Amino acid sequence: MYDVLKRHWGYDDFLPGQREAVETVMRGRDSLVIFPTGGGKSLTYQLPGVCRPGVAVVVSPLIALMIDQVEGLRANGIAAATMNSASELAEYVDTRRDLREGKLDLLYLSPERLMADDMVELLREARVSFFAIDEAHCISHWGHDFRPGYRALAGLRARFPEIPIHACTATATEAVRADIVQTLGLHDPAILVGGFDRPNLTYRVRRRTRLIDQIGEVLARHTGEGGIIYCIRKAEVDELCAKLVSLGHKAVPYHAGMTADERRKSQQAFSNETADVVVATVAFGMGIDRSNVRYVLHAGMPKSVEHYLQEAGRAGRDGEPAECVLLYSGQDPMVWRTILGEPQSDAERMAHRKLAEMYDVCRSLTCRHRYFVTYFGDAYPHDGCNACDVCLGENEVLGDAVTVARKILACVARIQQQRSGARGGAPEGCGYGARHVAEVLKGSKAGRVAQMGHDRLSTFGLLAEYAVDDIADWIDQLVGTGHLMRLGEWRTLGLTASGTALMRGEGTVALSRAVKTRPAQPAVDDTPSESLFQSLRALRRDLAAQRGVPPYVIFSDATLRDLARARPLTPTAFRAVKGVGDTKTRTLADMFIAVIASHAYDGVRA
Ligand code: ADP
């Protein structure tokens, strides 16, 4: 096993949990592997596929994903193939022949293709070592990526009763897990749950105050690097993408309203690194195999913690540091409630509960790593993570939150009273939004404050010592806690019953304030290695373009970084680097060594 691992993948060791999973498959026991994104699930079936006699059949939901995986395996000198609707006839004929002659280690198929009668026939003649079902949560209605085609896999066990099944997913909820085991008819499966922590990710949850500026700050930390920005609605995607392009960013859009062709173009531009940023709805997902995504930014709150982890988890799959920033506002839950509609069924009520849970996460001030790990029922053994906004001390808990809240609530009440006085009869709400109320509390005569006579209110200037942005932010937080509500088309503020109660001194509330972003990892001043890394990246991009494969098929960022640090100048030294196997030493060493050698000379001169 270790020999094959080094020879083909260039790794000396397994990632946590991988060895156990590989051994289970090697022994021919059914299994369900639940590792986080980036946990190394592919290897748990690819390595046994190489080691076990016969062909391993891998089921994967997307053709693009299958093609990329096959390219990656071939680049490592492994006999892999796929048969799908995009295959050329000649390729199809070759694969059938290789399969019959027992020359394949891995065969990738869609579920529909696998279950087709002629394929079942063909596989009965070939020697199948085991079935691997990737993205197995697609089988379940409870999952977030249900695919009807996956349901057909319910018949797999009956067709091939003797052949072990190995299912993989990153989704860990009980309902999904049980559904997978039951639908596939897994027999006494080994259930292997990986560590769910992603220590290389830094999580930041922030209130959305000035979206474009906030996005700009994140992008500035990742110049020239790959990232994904998720929006709730398609219209926001188009608008934000156009804005970023106008600011000079290499951004492309992705959402379900685009044609299949347009989406493929965006996906490819991102995959081959001609685009740096994809601005997308949740429709952009499983097909992404780019492992060097350095940040995932949510411009709005996702609708569940599972969605969040799935999407944010696309950052840093190569194990190198990456950042996940979630920008939310008190309005996001309302937007989602409108999209979801009134809950009718149990599943819909569940969706609303998950939405509320996600919003709780946004407002909570406990370690993010701890929350996400324990969400999956795992223990989190560390005191602090030093890799989230909370542990990095980027949020300040407001000491006198209740006093501040009462002043805000009183101000809304005064404006409301003045309005009802002017109009006669009690109006609904105060008729103004957060910004205006914040200006009044600040004691500023900006906007319509003086014009409306709000500078004569007893609450004018009550929070003069704070910034208008902070006050507006707390108003938003009070909407989130249910003390204030937003009314009508203009989202004007009004007091709720609990807001009135708090104003009168009943109950309590916590408010926070975001302070400056602190760099999680002290920036290493390693300029020569950084410039070599960029040159290696350029070489990788050229080679990938020549060969028509995505860059990560050549090498991962992690391997390029190791090359830039180790600077091997001989094939033997080259092969010693993590992620370099025999095939890549043979096919790529010369070109990479040439670039490294030219930089070594630069270094000496410097
Ligand atoms: P998943 O499918 O679980 O999201 P992948 O199979 O894509 O994860 O693997 C994630 C990354 O980890 C890939 O870049 C892969 O090359 C790398 N990787 C996998 N196994 C190992 C290993 N044993 N040592 C080092 N890196 C590994």
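At what angle do helix α14 (residues 305–312) and α16 pack, and how far apart are their axes? In this predicted model, the two helices meet at an angle of about 60°, and their axes lie 8 Å apart. On the side of α14, the contact is made by V305, E306 and Y308; on the side of α16, K354, E357, M358 and V361 take part. By class, four of the residues in this contact are nonpolar and three are charged, while none is polar.

The largest nonpolar core has 79 residues, of which L114, L123, F131 and I133 touch the most other members. Helix α16 (residues 346–363) gives the most to this core, contributing five residues. The surroundings of I133 were listed without residues up to four places away in sequence. On that basis, I133 touches V59, Y150, L153, L156, I165, H166, A167, C168 and L184. Another core, of 35 residues, lies apart from the largest one; L398, L463, I471 and V479 are among its members.

A further helix, α19 (residues 434–442), has seven of its nine residues buried, so it is largely enclosed by the rest of the structure. The buried residues are A434, H436, V437, A438, E439, V440 and L441. Helix α19 is followed by G443, which has a positive phi, near 85°.

The strands were then considered. Six of them form an open sheet with parallel pairing, in the order β8-β13-β12-β9-β11-β10. Strands β8 (201–207) and β10 (251–254) are the edge strands, each pairing on one side only. From one strand to the next, the twist averages 15°. Within the sheet, strand β9 (residues 226–230) pairs with strand β12 (residues 293–298) in the parallel sense over five bridges. Y230 has H298 of β12 as its bridge partner. Helix α13 (residues 260–271) packs on the sheet, where it touches β9, β10, β11 (277–280) and β12. The direction of α13 makes about 140° with that of β10.

Definitions and conventions. Residues numbered from 1 in each chain as written. Predicted model: local features only at pLDDT ≥ 70, side-chain atom pairs only at ≥ 80, totals over all residues. Heavy atoms only, no water. Core = buried A, V, L, I, M, F, W, Y, C linked by side-chain atoms within 4.5 Å. Buried < 20%, exposed > 50% of the residue type's maximum accessible area, 1.4 Å probe, protein only. Helix = DSSP H or I, 4+ residues; strand = E, 2+ residues; numbered from the N terminus. Contact = heavy atoms within 4.5 Å. Axes fitted to C-alpha atoms, helices over the stretch in contact; angles between N-to-C directions. Nonpolar A, V, L, I, M, F, W, Y, C, P; charged D, E, K, R; others polar. Pairing = 2+ DSSP bridges.
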